[in-house]
Amino acid sequence: MKLMPYLRFQDNCEEALQWYQSVFGGETSFRRFTEAPMDVPESHKNKIMHAELTFNDNTILACDSFPGQPVAHNTNSISLTVEIPDGKQAERIFGQLAEGGKVDMPFEKQFWNAYFGQLTDKFGKQWMINAPAEY
């Protein structure tokens, strides 16, 4: 069994997944609404119906929302949490995800003996990055 988050974006799914790929590495694949056997407004045909980013043993699924179904950013209800065993890599990833976003809690040593930071990225998604105390 494997849990895979499915993220919805407001017309910028492709940009977001390509950016996440630049942070985490891995491979992306995109399927557009033009590939689906359904009526789609002309303005939406080139948007992303389904996308995947796979890196290491992780998969993030995503899509652009359908017209008339706006994405509500309620960043306090779900966070994407990444446990990274290499502290230097965790610090780098935290910094990259924070670019253009908002740091909610700086990446620093915490009382539970680990390094941790929390941020909201430039696409409105909330991330928590955790690393071992020693690095």
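## A walk through the predicted model

The largest pocket of this predicted model is lined by 22 residues, of which Phe 55, Asn 58, Thr 81, Val 82 and Trp 127 lie nearest its centre; here a pocket is, on a 1 Å grid over the protein atoms alone, an open set of points where a 1.4 Å probe fits, with protein on both sides within 12 Å along at least five of seven lines, and lining residues have an atom within 4 Å of a point. About 410 Å³ of space lies in this largest pocket, the volume being the space filled by probe spheres set on grid points that are joined across faces, edges and corners. Its lining has twelve nonpolar, six polar and four charged residues, where Ala, Val, Leu, Ile, Met, Phe, Trp, Tyr, Cys and Pro count as nonpolar, Asp, Glu, Lys and Arg as charged, and the others, Gly among them, as polar. Strand S5 (80-83) gives the largest share of the lining, four residues, and H1, S4, S5 and helix H2 (87-98) each supply at least two.

Residues are numbered from 1 along each chain as its sequence is written. In this predicted model local features need pLDDT of at least 70 and side-chain atom pairs count only at pLDDT 80 or more, while totals for chains, interfaces and linings use all residues, and side-chain values use heavy atoms, with hydrogens and water left out.

The protein chain has two helices and eight strands, which are DSSP runs numbered from the N terminus (helices H or I, at least four residues; strands E, at least two). Along the sequence they follow the pattern β-α-β-β-β-β-α-β-β-β, and the C-alpha atoms fill a box of roughly 55 × 25 × 25 Å, taken along the principal axes.

S1 and strand S4 (residues 58-64) pair in the parallel sense over four bridges, and Arg 8 has Cys 63 as its bridge partner in S4.

S5 and S8 pair in the parallel sense over four bridges, with Ile 129 in S8 as the bridge partner of Val 82.

Met 128 lies in strand S8 (residues 126-132). Leaving aside its neighbours within four places in sequence, Met 128 is in contact (heavy atoms within 4.5 Å) with Ser 79, Leu 80, Thr 81, Val 82, Phe 116, Gly 117 and Gln 118.

The structure also holds twelve aromatic pairs, counted where the rings of Phe, Tyr and Trp (its six-membered ring) have centres within 6.5 Å, with planes under 30 degrees apart called stacked, over 60 edge-to-face and the rest tilted. The rings of Phe 9 and Phe 123 have their centres 6.1 Å apart and their planes at 90 degrees, so this pair is edge-to-face.

How values were computed. Pairing = 2+ DSSP bridges.
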